[in-house]
Amino acid sequence: MTDPYFSKEELAAATDLVHRHMAPTPQYAWPLLAEAAGCEVWVKHENHGPTGAFKARGGITFIDWLKRTHPGSPGIVTATRGNHGQSQARAATKAGLRALVYVPRGNAVEKNAAMKAFGAELVEFGEDFDEAREEAMRVGAAEGLYPVPPFHRELVRGVATYAWEFFNAAPPLDVVYVPIGCGSGICGVIAARDALGLATEVVGVVSTEAPTAKLSFEAGELISTNSARTFADGMAVRMPVAEAFEIYSKGAARIIAVSEAEVAEAIRLYFTATHNLAEGAGAAPLAGLMQERSGMAGKRAGVILCGGNIDSAVAVQVMQGNIPAA
């Protein structure tokens, strides 16, 4: 893969492209979050985008690239837990392309419905994301569809636009917390920070139940896990993506793990402090900040609310003080 970092000009051009298809998302400093965390807290609200999650941006840039470089392609195939699939289905069908999307069995009901509504041909297969991905690539190759991997330079180019917006709109940030699934989000933040020449620390956040990125970061090599059972499904990955690891292993200050209970508490805190509903992965950065709040006095922190696509039944369980089963 070519160098995934981008110049200022490349990120500005990507942002212009993305803004032709969606409005910028807001960033706000919420006083009740500051009170809870003991520092100034800025939230980047990717839950306010057209699919309710940050990945809408990567779909825009990837499908634009695909149409320019592979004009004869009949469509795309990909695997997802939901937000990536919505992004690709939205962008592909708008471009007149077929969108075949695989999810694991038992995937979030409302994310499945949203993907279908955006035009995805949805197939349930396998016990987790990685099994669904393997089958998607096999079937896609047989049917002549272009494979959309979980990580690709053109996806990162689009995803990085949220960080480009954030760093340009918010006051200078000492640290930004961002969740890690397959890695496009944290790599986009690192790319935007580096393009702008900022000194902001980037802290990755994973689930204690899906710690592959943290284990790999600390070992200095790729470490997979046997399972990734977390209700924060956007982080439910058991095999790290090598291309993403190459970026966050060098560009992140550290990677921390948050428990299911900490994620659930962060969802509740988001709702009581901002009246925004976050999905598990979307709340994980706030959970990470709360875990480290004892050292945050006098600092200005950014947290990425990367998505709000939580199933109603799961949200009810969390708001009742429970921890949903994975």
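Predicted model: local features only at pLDDT ≥ 70, side-chain atom pairs only at ≥ 80, totals over all residues.
Local features were taken at pLDDT of at least 70 and side-chain atom pairs only at pLDDT 80 or more, while totals for chains, interfaces and linings use all residues. Residues are numbered from 1 along each chain as its sequence is written, and side-chain values use heavy atoms, with hydrogens and water left out.

Start with the sheet. Helices (H or I, at least four residues) and strands (E, at least two) are DSSP runs, numbered from the N terminus, and two strands count as paired if DSSP finds at least two bridges between them. On that basis six strands make an open sheet with mixed pairing, ordered β1-β2-β10-β7-β8-β9. The edges go to β1 (27–29) and β9 (254–258), each with a single partner strand, so one side of each has no neighbour in the sheet. Direction ignored, neighbouring strands are turned by 25 degrees against each other on average; axes here are lines fitted to C-alpha atoms, for helices over the stretch in contact, and angles run from 0 to 180 degrees between N-to-C directions.

Strand β7 (residues 175–179) is worth a stop. Five of its five residues are buried, so the strand is largely enclosed by the rest of the structure; buried means under 20% relative accessible area, exposed over 50% and partly exposed in between (1.4 Å probe, protein chains only). In a regular strand the side chains alternate between the two faces of the sheet. Here both faces are covered, with Val 175, Tyr 177 and Pro 179 buried on one side and Val 176 and Val 178 on the other. Five bridges tie β7 to the parallel strand β8 (residues 201–207), with Val 176 partnered by Val 202. Three bridges link β7 to β10 (residues 300–305), also in the parallel sense, and Tyr 177 has Val 303 as its bridge partner there.

Ala 301 sits in β10 and, at 0% relative accessibility, counts as buried. Its C-alpha atom is separated by 9.6 Å from that of Ala 29, 272 residues apart along the chain. Beyond its neighbours within four places in sequence, Ala 301 is in contact (heavy atoms within 4.5 Å) with residues including Cys 39, Trp 42, Val 175 and Leu 289.

What about the cores? A nonpolar core is a set of buried Ala, Val, Leu, Ile, Met, Phe, Trp, Tyr and Cys residues joined through side-chain atoms within 4.5 Å. The largest one has 85 residues, and Tyr 177, Ile 186, Tyr 248, Tyr 270 and Leu 289 have the most contacts inside it. Helix α7 (residues 153–169) gives the most to this core, namely eight residues. Another core, of 16 residues, lies apart from it and has Phe 62, Ala 89, Ala 120 and Leu 155 among its members.

As for helix packing, the axes of α1 (residues 8–19) and α7 come within 9 Å and cross at roughly 90 degrees. The two helices are therefore roughly perpendicular (65 to 115 degrees; under 35 is roughly parallel, over 145 roughly antiparallel and the rest oblique). Among the residues that meet are Leu 11 and Thr 15 in α1 and Thr 161 and Trp 164 in α7.

His 275, in the loop between α11 (260–274) and α12 (280–291), has a positive phi of about 55 degrees although it is not a glycine. Most residues other than glycine have a negative phi. At 59% relative accessibility, His 275 counts as exposed.
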